[in-house]
Amino acid sequence: MSNRFSQRSYEREIMDDLDSGGQEMAVTLRELEVINRNLGGNAVSISGLNKLVKGKAPGRLLHIADIGCGGGDMLVKMARWGRSKGIKLQLTGVDANPHIISMAEENTSEYPEIDYRVIDIFSEEYRQSRFDIVNCSLFTHHFTNEELTQMFRTMYEQSALGFIINDLHRHWFAYHSIKILTRLFSNSPMVQNDAPLSVLRAFSRSDLETLMNASGIHSYDLGWYWAFRWQLIARH
C-alpha cells in the first residue's frame with residue numbers, strides 16, 4: 001500500500017458542510033443512490049440486519065435508526081426488508097443537515113414506518129435515544145478516529161441488539177476506479193470530489209479493529225464485501 005493509502009485522510013468533503021442543499025445536493029443524493037445500488041453496497045446493511053435478528057423472532061415492533069441517512073434510500077430498503085419478513089418496523093432517519101432531511105422526507109413519503117430527526121449525534125439529547133439496532137451506511141468515514149471511538153460507544157450503549165457499520169475499504173483500486181467512474185458518468189461536482197475522497201477517508205481492517213478495541217467493544221464480526229465494503233456488526 002502506498003503512503004497515500006497507509007492511513008486515513010481527514011480532508012473534509014463538500015457534503016460535510018451542513019448548509020449544503022438545493023439542486024446540487026439533490027443531484028448528488030440521486031447519483032449516490034445509483035452508485036450504491038449498482039455496486040451492491042446497500043445489500044451489506046440488509047445482510048447485517050438478517051444476521052442481527054436471526055433466531056430472535058422479535059414478535060414486537062423493532063426500532064431501527066439509520067444515522068447519516070442521506071436521501072432515505074437505505075431506509076426504503078430496510079422498510080421493504082421488514083415487510084418481506086413480516087417484521088413490524090419503526091425506522092428513524094438521523095442527520096444533522098436539515099436540507100437533507102427535507103429531501104429524505106419527500107423521497108420516502110409512501111412509507112409511514114419511516115420518521116426523521118435533525119440532530120447532532122454527539123449531543124447529549126441523541127445519546128439518550130434508544131433503539132434496537134443502529135445502522136451506519138457510508139457515514140463513519142466522515143469522522144476522526146477520536147470521534148468514532150465516542151460514536152461506537154454511544155451506538156453500542158443505545159442499541160438493544162447491536163449496530164451495523166457499512167463503509168468503504170481504503171484501497172488504491174477502489175480509489176482510482178471510483179475516480180474514473182465519476183468523471184465519466186457523474187454530473188455532480190460534489191460526487192466527483194467527494195466519492196474518491198471518501199475512499200481516502202475510509203478504513204483498513206486494522207483501522208476498524210483498533211477502533212473497536214479503543215471503544216471497548218469485543219463482541220463483533222468484521223467481513224469484506226464487494227465492491228470494497230466492510231461490514232462490521234457489533235452484538236449484545
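Modeller: Ala227 sits in the loop between β6 (220-225) and β7. The model is a predicted one, and the values that follow are computed from it. The peptide bond that joins Trp226 and Ala227 is cis, with an omega of about -5°. Phe228 is found in the loop between β6 and β7 as well. Its phi is positive, about 55°, although Phe228 is not a glycine. As background, most peptide bonds are trans, and most residues other than glycine have a negative phi. Is Phe228 buried or exposed? Its relative accessibility is 11%, below the 20% limit, so Phe228 counts as buried.

Leu138 lies in the loop between β4 and α7. Leu138 is not a glycine, yet has a positive phi of about 55°. Its relative accessible area is 21%, so Leu138 is partly exposed.

The largest nonpolar core has 38 residues, and the members that touch the most others are Ile67, Met151, Phe152, Met155 and Phe163. At least two residues each come from β1 (62-67), β4 (131-137), α7 (145-158), β5 (159-168), α8 (172-185), α9 (189-200), α10 (205-215) and β7 (229-235). The largest share, five residues, is supplied by α9. To see how one member is placed, take Ile67. With neighbours within four places in sequence set aside, Ile67 is in contact with Val94, Ile121, Tyr126, Val134, Asn135, Cys136, Phe139, Met151 and Met155.

Next come the helices. Two packed helices are described by the angle between their axes and the distance between the axes. For α7 and α10, the axes come within 9 Å and cross at roughly 60°. The two helices are therefore oblique to each other. The crossing of α7 past α10 is right-handed. On the α7 side the contact is made by Asn145, Leu148, Thr149, Phe152 and Arg153, and on the α10 side by Leu211, Met212, Ala214 and Ser215. Sorted by class, five of the residues in this contact are nonpolar, three are polar and one is charged.

Helix α3 (residues 42-53) packs against helix α4 (residues 73-85) at an angle of about 40°, and their axes are 10 Å apart. α3 and α4 are therefore oblique to each other, and α3 passes α4 in a right-handed crossing. Asn42, Ser45, Ile46, Leu49, Asn50 and Val53 of α3 meet Asp73, Met74, Lys77, Met78, Trp81 and Lys85 of α4. This contact has six nonpolar, three polar and three charged residues.

Glu24 belongs to helix α2 (residues 22-38). Apart from neighbours within four places in sequence, Glu24 is in contact with Ser188, Pro189 and Met190. How accessible is Glu24? The relative accessibility is 37%, so Glu24 counts as partly exposed.

Terms used. Residues numbered from 1 in each chain as written. Predicted model: local features only at pLDDT ≥ 70, side-chain atom pairs only at ≥ 80, totals over all residues. Heavy atoms only, no water. Axes fitted to C-alpha atoms, helices over the stretch in contact; angles between N-to-C directions. Helix = DSSP H or I, 4+ residues; strand = E, 2+ residues; numbered from the N terminus. Parallel < 35°, antiparallel > 145°, perpendicular 65-115°, else oblique. Left-handed = near helix turned anticlockwise from the far one by under 90°. Contact = heavy atoms within 4.5 Å. Nonpolar A, V, L, I, M, F, W, Y, C, P; charged D, E, K, R; others polar. Core = buried A, V, L, I, M, F, W, Y, C linked by side-chain atoms within 4.5 Å. Buried < 20%, exposed > 50% of the residue type's maximum accessible area, 1.4 Å probe, protein only.
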